[in-house]
Amino acid sequence: MDCNVSFPASTADISSEPRDALSEVTVIVCSSCRDETGSDAHPRAGALLAEDARRAAPDEKIRIRTVECLGNCKRRLSAALLRDGCWSYVFGDLETTSGADLVTGAKLFATSTDGLIPWRGRPDSLKRGLVARLPPLDLLKD
């Protein structure tokens, strides 16, 4: 499966820069995740993680989005990496300072030719924090 194919984009989105593959990757961070103490204080640890990821990628084309809950509460701070037509990943046990790791993972994902995030080069938090890897819908057989 070659996931480095171009997906439909408007003319304004087309560029010859090699970083264009980054625009195909979306980092989703659970903004309602609490820290290890379970505190209800705001901003929540998940929101802090999302902000850390944004700071780690100010000039990158990676989309960083938040959702209210990824349903991975037992593994605390959670995030997911998605790319059209490729496997999706869910990670847990992250720290509020794991934003750079998510950006590194997104870069590895963007350059993957088989739709998988390579193990080599993956930050430790994304190795030990892997919760699930979900196949793209078009890969599923009835």
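In this predicted model, 5 strands make up an open sheet with mixed pairing, and their order is β2-β1-β3-β4-β5. At the edges of the sheet lie β2 (63-67) and β5 (130-134), each of which pairs on one side only. From one strand to the next, the twist averages 20 degrees.

Strands of a sheet pair through backbone hydrogen bonds, and the pairing is either parallel or antiparallel. Strand β1 (residues 25-30) and β2 run parallel and are joined by 5 bridges. Within this part of the sheet, Val 29 has Thr 66 of β2 as its bridge partner.

| Helix | Residues | Strands touched | Angle between directions |
|---|---|---|---|
| α1 | residues 45-56 | β1 and β2 | about 175 degrees with β2 |
| α2 | residues 99-110 | β1, β3 (79-83) and β4 (88-91) | about 20 degrees with β3 |

Strand β3 also holds Leu 82. Is this residue buried, partly exposed or exposed? Leu 82 counts as partly exposed because its relative accessibility is 30%, and this class lies between the limits of 20% for buried and 50% for exposed.

Which residues does Leu 82 contact, leaving aside its neighbours within four places in sequence? They are Glu 24, Val 25, Thr 26, Ile 28, Ser 88 and Phe 109. A further relation concerns Pro 136, which is 54 residues apart from Leu 82 along the chain. The C-alpha atoms of Leu 82 and Pro 136 are separated by 9.6 Å.

Notes: Residues numbered from 1 in each chain as written. Predicted model: local features only at pLDDT ≥ 70, side-chain atom pairs only at ≥ 80, totals over all residues. Heavy atoms only, no water. Pairing = 2+ DSSP bridges. Helix = DSSP H or I, 4+ residues; strand = E, 2+ residues; numbered from the N terminus. Axes fitted to C-alpha atoms, helices over the stretch in contact; angles between N-to-C directions. Contact = heavy atoms within 4.5 Å. Buried < 20%, exposed > 50% of the residue type's maximum accessible area, 1.4 Å probe, protein only.
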